[in-house]
Amino acid sequence: MSTLNLGRTVFGNPANTGNLITIEEAMSLLNEWVPNARLQLHMKQVAAVMKAWAIEKEMADIATASKWELAGLLHDADWEKHPDKHCRVIIEELEQRNIDPDVIHCIASHGPRYFGVPPVKKMDKMIYAIDELSGFIHAAALIRPERYNGLEVKSVLKRLRTPSFAAQVNREEINEAIAGANISLEELIAFIIEHQKAVE
Ligand SMILES: [Fe+2]
Ligand SMILES: [Fe+2]
């Protein structure tokens with residue numbers, strides 16, 4: 001069992017359903033907790049992709065899309081300052097702030113192999129699928145002079161098949177997440193390229 005294992009699968013209080021913090025409040029938390037600009041960018045990218053997926057693929061209303069966005073924006077908020085308690089610290093913070101349990105459960109499901117929380121809802125399954133792949137695609141863009149411009153799905157697929165490229169990214173986890181969300185890898189890669197290229 002990983003030391004990051006949360007030891008529980010129920011988070012927040014159903015009475016808090018619908019309680020969200022604003023994106024501005026979430027950003028001020030990030031600015032305080034995550035001085036590393038590279039890590040902040042990762043969270044903003046995951047947030048943008050999560051929100052866009054909710055709206056375009058799940059036909060979510062604005063309130064629901066905001067939950068997806070918030071979970072993306074905060075999922076690694078405690079990683080920089082508390083790597084040994086990753087996920088636990090941000091979850092407890094959001095529970096104290098009486099935030100919607102869907103958002104907290106989604107954050108807790110972004111790494112099932114570490115946190116021991118199986119993804120349940122579609123937003124849980126998608127954060128798991130988007131998280132690693134988003135970082136991987138960003139790495140693939142950064143090594144090109146044109147960055148995201150002209151970055152093709154097939155070249156990302158080729159890099160995924162090259163174990164030495166971004167070797168820390170676990171391909172097995174990506175495949176597991178894609179299968180769990182019942183989507184195609186190609187579709188998600190194209191979607192991520194499209195929606196995170198403009199995020200700064
Ligand atoms: Fe994480
Ligand atoms: Fe992440």
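**Helix packing and overall fold**

Tutor: In this predicted model, helix 4 and helix 5 are roughly antiparallel to each other, since their axes, for residues 88–96 and residues 101–108, come within 10 Å and cross at roughly 175 degrees, and an angle over 145 degrees counts as roughly antiparallel.
Student: Which residues make the contact?
Tutor: Helix 4 contributes Ile-90, Ile-91, Leu-94 and Glu-95, while helix 5 contributes Val-103, Ile-104, Ile-107 and Ala-108.
Student: And what does that contact have by class?
Tutor: Seven of the residues in the contact of helix 4 with helix 5 are nonpolar and one is charged, with no polar residues.
Student: How many Å separate the C-alpha atoms of Arg-88 and Lys-125?
Tutor: They are separated by 19 Å, with the two residues 37 apart along the chain.
Student: Switching topic, how many helices and strands are there?
Tutor: The protein chain has 10 helices and zero strands.
Student: What radius of gyration does the chain have?
Tutor: The protein chain has 16 Å, which agrees with the value near 16 Å for a compact globule of 200 residues, and its C-alpha trace spans about 45 × 40 × 35 Å along the principal axes.
Student: What share of the residues is buried?
Tutor: Buried residues are 38% of the 200 in the protein chain.

Key:
Residues numbered from 1 in each chain as written. Chains lettered and ligands numbered in written order. Predicted model: local features only at pLDDT ≥ 70, side-chain atom pairs only at ≥ 80, totals over all residues. Axes fitted to C-alpha atoms, helices over the stretch in contact; angles between N-to-C directions. Helix = DSSP H or I, 4+ residues; strand = E, 2+ residues; numbered from the N terminus. Parallel < 35°, antiparallel > 145°, perpendicular 65-115°, else oblique. Contact = placed C-beta atoms within 7 Å. Nonpolar A, V, L, I, M, F, W, Y, C, P; charged D, E, K, R; others polar. Rg over C-alpha atoms; globule rule 2.2 N^0.38 Å. Buried ≥ 20, exposed ≤ 12 C-beta atoms within 10 Å, placed from the backbone.
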